[in-house]
Amino acid sequence: MEYQYHIFSPYRVCPLGAHVDHQHGLVTGFAIDKGVDLWWSPTGSACSREEYTESHVHLESKTFEGIVDFDIATPALVRQGDWGDYARGAKFALQKRFKLKRGIVGTIKGSIPVGGLSSSAAVLIAYVMAFAKANGIQLEPFEVMKIASEAEREYIGLNNGLLDQACIALGKKNHLLMLDCESNEYRLIPKAANMPEFELGIFFSGLTRSLMSSDYNLRVAECKTATWLVQAYENIPLKEQNKTFLRDVSESMFKRHRDEMPPRFARRAEHFFTEHKRVREGITAWETGNLEWFGSLSKASCESSIHNYECGSPELIAIYNAMLTTDGIYGGRFSGAGFKGACIALVDPDRKESIEKEITQKYLEQFPQYKNTFKVYFCKSDDGARFV
C-alpha cells in the first residue's frame, strides 16, 4: 500500500541525568539516527481502504505480530495488553484536549529491537503526531512531548518524567539537550568546535525488558518517600505523594538528616543530589569540548546508579565493567532504567571495530547464553521526531 505520510520518531540516549527526571531534576540527552518509522494515511483518503469508516484506526507492525483496530472517536478503553496500547494511549491523551474524528491506516516499524532507548516514547510521539495531523490539530514539539508523556503515565501506567519524550521531540543533530524537569526550561547546546568526533555505541545485553515489570515504579516511590522523610524531619508540611519530588528539598536539608533515614531511602536521595552535580559539570564539559571529562561523569553516573539507585541486572553490569577496560570508550552508562536492556557509550569512531570485538568477547565469556541475541550498534545524534 502507498501511504500518504511518513513520520520518523528517533530513539534517545541519556549520558547524564539518570533516574532524576521523575523527581524534577536536570537531565541531558540526544536523539539518535535510529528509531521508529510510521507510514500512514488518514482514514477515508484515497490511500485508505474503502471499507473503513472515517473514525477507524487500523495499524500493522513490522516488529510485532497482530493487527490493531479501534475507533478514534469513541472514549478510550482500558489497556488491552498488546502493542496497540500505545496507539490507544495517544488517543486517550489527545482526547482530553481535542475532539478526534478521523483515524489512520498505517504500518509501524522499529529500526533496532533494543530495550533501553525509550522505544515506547518514540512510538507514542509518532502516534500523537499522526492523530493530530489527521484531525487538523497543530502541535508544537513541546506540546507533543507533554501529551505523549501524559499517555505513558496515565494510560500505560509508567511513572516516568519528561526525559524520554523531550529528547525525542526536541532533539537536534550535534546538540546536547539539557532539560530542567521542574521548570520545563531547556537548552540545545551545540557541540564545541574543539570537541573530538564521537559516536554513540549501544550494547544490547540480549535480555529484553519491560519497565512495567521491573522495579521502576518502586524506585520512584522510594525517591518520594525520601522526600517525605526529609520534610518530616524539617517540619515541612507534606503533600500527596504524586505531588512530592526530591527537587522540593535542598541538598543541605538532606545532609542534615541522611544518617537518621533508613539507608535505602538515603541512597536514593544521594543519587539524586550527586547526579544533579554531575549534570551541571557535564554541561560545562560539553560546552568546553572536554569529552574525556564528560565521559568520566557518565561513568560516575552509572556507578551511582548501581550503588545508590540499586539498579542494573548482572548482564548490564558485566557490559559496563567491560566498557571500563576497553580503549576508545570515553564513558557511558546503563540506558533507560537499567534493569535490563542496553548500555550506551560515547566512543571514538576510529576504534569502533576493536570496541565491538572486545566488548562482545568479554560479555559472552560471562554470558554465553546470549550469543545469538547480544548486539552492538553504533549511531550518531540526530534531529527530533519529524515528517519525512
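How many aromatic pairs does a search of the whole structure find? The search turns up 16 of them. Keep in mind that you're looking at a predicted model.

Let's start with F272 and F273. Their ring centres sit 5.2 Å apart and their planes meet at 85°, so this pair counts as edge-to-face; the cut-off for that label is over 60 degrees. Both F272 and F273 are buried.

Now find W286 and F294. Here the ring centres are 5.7 Å apart and the planes are at 55°, so we call the pair tilted. Are these two buried or exposed? W286 has 0% relative accessibility, so W286 counts as buried. F294 is also at 0% relative accessibility, and therefore F294 counts as buried too. W286 and F294 belong to one aromatic cluster, together with F30 and F198.

Finally, have a look at helix α1, which runs over residues 85-95. How many of its eleven residues are buried? Eight are, so the helix is mostly covered, given that buried means under 20% relative accessible area. Among those buried residues are A87, G89, A90 and L94, but also D85, R88 and K91.

How values were computed
Residues are numbered from 1 along each chain as its sequence is written. This is a predicted model: local features need pLDDT of at least 70, side-chain atom pairs count only at pLDDT 80 or more; totals for chains, interfaces and linings use all residues. Side-chain values use heavy atoms; hydrogens and water are left out. Rings of Phe, Tyr and Trp (its six-membered ring) pair if their centres lie within 6.5 Å; planes under 30 degrees apart count as stacked, over 60 as edge-to-face and the rest as tilted. Buried means under 20% relative accessible area, exposed over 50%, partly exposed in between (1.4 Å probe, protein chains only). Helices (H or I, at least four residues) and strands (E, at least two) are DSSP runs, numbered from the N terminus.
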